[in-house]
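Please look over the structure below.

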Amino acid sequence: ERNYRADGRMVHERWDSNGNSGEYSVIVGSRFAVKVSGQAASMDELKAALASGVNVAGLEATAAAQAK
């Protein structure tokens, strides 16, 4: 289990190598929590699922617009 900052966002990773499952979550725009979880070959696969399935830039733009 690991928590860190990447590109100004809080990130949480949890990986179970015995079951090849985990979760990857990101706080976007200090407002939205986005999480993917499930079985995968690696953590990179979960990260790719989030990147391809969620418009993170759009969420950041929405958060910035609501903050004004």
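**A charge over a ring**

Arg2 sits over the face of Tyr4, 4.2 Å from the ring centre; this label requires NZ of Lys or CZ of Arg within 6 Å of the ring centre and within 35 degrees of the ring normal. The model is predicted, so local features need pLDDT of at least 70 and side-chain atom pairs pLDDT 80 or more, while totals for chains, interfaces and linings use all residues. Residues are numbered from 1 along each chain as its sequence is written, and side-chain values use heavy atoms, without hydrogens and water.

**Sheet**
- An open sheet is formed by 4 strands in the order 1-2-3-4, with antiparallel pairing (strands are DSSP runs of E, at least two residues, and helices of H or I, at least four, numbered from the N terminus; two strands pair if DSSP finds at least two bridges between them).
- Strand 1 (2-6) and strand 4 (32-39) are at the edges with a single partner strand each, so one side of each lacks a neighbour in the sheet.
- From one strand to the next, the twist averages 15° (axes are lines fitted to C-alpha atoms, for helices over the stretch in contact, with angles from 0 to 180 degrees between N-to-C directions).
- Strand 1 is joined to strand 2 (residues 9-16) by 5 bridges, and Arg5 has Met10 as its bridge partner in strand 2.

**Helices**
- Helix 1 (residues 43-53) packs on the sheet and touches strand 1, strand 2, strand 3 (21-28) and strand 4 (contact means heavy atoms within 4.5 Å).
- Helix 2 (residues 56-67) also packs on the sheet, and its direction makes about 155° with that of strand 4.

**Val34**
- Val34 belongs to strand 4 and is buried, at 10% relative accessible area (buried means under 20%, exposed over 50%, partly exposed in between, with a 1.4 Å probe and protein chains only).
- Residues touched by Val34 include Tyr24, Val26, Leu50 and Leu59, not counting residues up to four places away in sequence.
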